[in-house]
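Visitor: I'd like to learn how to read helices and strands in a model like this one. Could you walk me through a few?

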Amino acid sequence: MKKDDVLQLTIEDIGSDGEGIGHIDLSAGSYDEPQRRYTIFVKDAVIGDVVTVKIMKALQSFAYAKLVSIDKPSPDRVEPKCPIAAQCGGCQIQALDYNKQLEFKQKKVMNDLVRIGGFDESLISEITDPIIGMEDPYCYRNKEQVPVGTDKDGNPVTGFYASHTHSIVPMTSCAIGDPENDLILNTILDYMKAENVPSYDEKTGAGLLRHILIRSGVYSREVMICLVVNGDSLPSEEKLVELLRVLPFVTSISINTNKSRGNVILGRKLRVLWGEESIVDTLHIYKVEYEETAHFIPTGEAVNFRISPLSFYQVNPKQTEKLYSIVLEYCRLNGHETAWDLYCGIGTISLFLAKHAKEVYGVESVEDAVRDARNNARLNNIENVEFETGRAEDVLPAYVDRHKSEHRKHPVDVIVVDPPRKGLDDVTIGVMLAMAPPRIVYVSCDPATMSRDLKKLTAAQKDAAGNEFSYKLQRVQPVDQFGHTVHVETVVLMSRVENQP
Ligand code: SAH
């Protein structure tokens with residue numbers, strides 16, 4: 001195989017960036033050389049397509065190829081709702097039927113558990129429930145961060161970065177975002193033209209307006225607009241406020257200062273131009289009942305969250321409610337337990353747990369998020385929760401040390417972890433195993449690192465008295481939080497089982 005070779009193949013799988021994957025058998029050069037399965041990655045091709053491709057870069061066992069033609073479109077190919085889906089890096093698999101997307105994600109979780117986690121395939125198919133898909137996989141995001149640039153005629157534009165580049169594809173209406181954002185973005189573009197506000201230019205570092213962050217509460221309908229500026233102010237701010245505050249649901253308008261040259265979107269400094277600094281939203285707690293699939297039964301219970309522009313908050317609230325309700329179900333709390341919530345963010349899972357446990361400890365490394373978490377506990381009159389600022393791998397060992405010197409058994413009934421994509425640190429895993437709670441619930445946004453960690457968490461252990469135990473996987477529940485992207489969220493329940501000598 002070499003560059004510029006043209007060949008036909010069938011797409012069989014989806015890669016980690018949403019690209020299509022096909023294989024060919026390289027014929028043996030001599031009779032004692034076995035045939036080799038050669039992998040080819042093709043952007044913009046979906047599972048089931050028969051395509052002609054041109055090899056761009058060929059390596060020993062795989063190649064990257066460019067799509068030349070779709071010779072027989074996959075029966076699962078659909079017309080993407082978004083006209084720039086192929087250029088924008090956001091939704092990688094919008095051209096694949098939504099039910100097929102779910103099938104792909106279900107398989108991905110199960111394959112990773114078997115291949116990376118080393119778990120038995122029949123166990124995994126027995127304990128993995130069907131993925132929880134979205135009722136409507138469009139308009140689900142509660143947050144958009146839209147870059148501002150300049151088109152070739154010198155006019156300001158908002159849009160999205162074309163995948164793997166820093167050039168902006170103009171866009172004011174995102175198919176997975178809030179349809180109301182279109183009006184907000186166009187209003188800001190009108191203001192920029194009227195007041196000659198220059199867009200920021202990444203290459204030169206000149207210009208003013210860099211990004212527009214819009215966040216909305218699905219239930220509260222409150223809308224926050226935060227303008228990220230390469231400076232401390234914008235021209236005619238009062239005019240901007242006049243134009244924006246009359247738009248539907250707008251409750252917060254602020255300026256964030258980011259004068260750095262890097263890729264980080266938000267700076268540290270925030271100034272409110274009008275209204276509140278933060279918005280409020282609600283997450284409902286459901287009772288989960290399993291038949292063939294999970295069913296979510298309203299309980300009337302809810303938690304309110306105040307979200308400031310700088311804090312992490314889940315982007316798909318309707319699916320988040322389901323995700324957290326499953327976490328709660330897996331924790332099996334009856335009001336007497338001590339629970340830990342590691343990587344707790346603004347305390348979302350912690351507060352769900354606190355309503356059903358005796359006490360909850362949240363650990364989070366970002367100080368602002370911990371401040372939000374404490375405020376959110378107060379907002380909901382929840383008193384049985386404490387938050388500690390620090391990295392899980394530092395906070396947990398210190399906690400265990402303190403309790404060792406008091407000669408107390410670690411009174412932990414359940415540990416919930418929800419780490420970022422890179423997964424758990426080995427120190428954290430070691431301390432979790434030393435704490436040895438009856439249940440561990442792992443929430444993950446990356447099935448590969450999760451499977452790696454689960455392998456370590458389920459290895460055979462010995463406690464201080466020499467008794468052998470290990471964690472056993474009990475349930476696996478994939479959840480689609482990010483329709484049209486390749487990402488998938490998973491919740492796993494493990495419980496401690498004493499091994500007979
Ligand atoms: N459970 C929360 C947040 C999950 S995102 C929610 O559902 O909203 C992961 C969180 O882990 C982020 O808030 C991030 O700031 C935090 N984090 C990252 N590394 C960490 C570490 N080493 N120790 C503790 N928290 C960490």
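**Reading helices and strands**

Guide: Gladly! Keep in mind that this is a predicted model. Let's begin with helix H3: its buried residues pack against strands E6 (143-150), E7 (156-161), E9 (209-216) and E10 (223-229), and against helix H4 (237-245).

Visitor: Which residues of H3 are buried?

Guide: The general idea comes first: an α-helix has 3.6 residues a turn, so residues three or four places apart point the same way. In H3 the buried residues are Asn-181, Ile-184, Leu-185, Thr-187, Ile-188, Leu-189, Tyr-191 and Met-192.

Visitor: What span should H3 have, and how far apart are its end C-alpha atoms?

Guide: At 1.5 Å a residue, the 15 residues of H3 (181-195) should span 21 Å, and the end C-alpha atoms are 21 Å apart, which agrees. Just after the helix, Asn-196 has a positive phi of about 50 degrees.

Visitor: How does strand E3 pair with E2 and with E5?

Guide: With E2 (residues 20-26), E3 pairs in the antiparallel sense over seven bridges, and Ile-24 stands opposite Tyr-38. With E5 (residues 62-72), E3 pairs in the parallel sense over four bridges; there Ile-40 faces Ala-63. Five of the seven residues of E3 (36-42) are buried, so the strand is largely enclosed by the rest of the structure.

Visitor: Which strands stand at the edges of the eight-stranded open sheet?

Guide: The order is E17-E16-E15-E18-E19-E22-E21-E20, with mixed pairing. E17 (385-389) and E20 (461-462) are at the edges, each with a single partner strand, so one side of each has no neighbour in the sheet.

Definitions and conventions. Residues are numbered from 1 along each chain as its sequence is written. This is a predicted model: local features need pLDDT of at least 70, side-chain atom pairs count only at pLDDT 80 or more; totals for chains, interfaces and linings use all residues. Side-chain values use heavy atoms; hydrogens and water are left out. Helices (H or I, at least four residues) and strands (E, at least two) are DSSP runs, numbered from the N terminus. The expected span of a helix is 1.5 Å times one less than its number of residues. Buried means under 20% relative accessible area, exposed over 50%, partly exposed in between (1.4 Å probe, protein chains only). Contact means heavy atoms within 4.5 Å. Two strands pair if DSSP finds at least two bridges between them.
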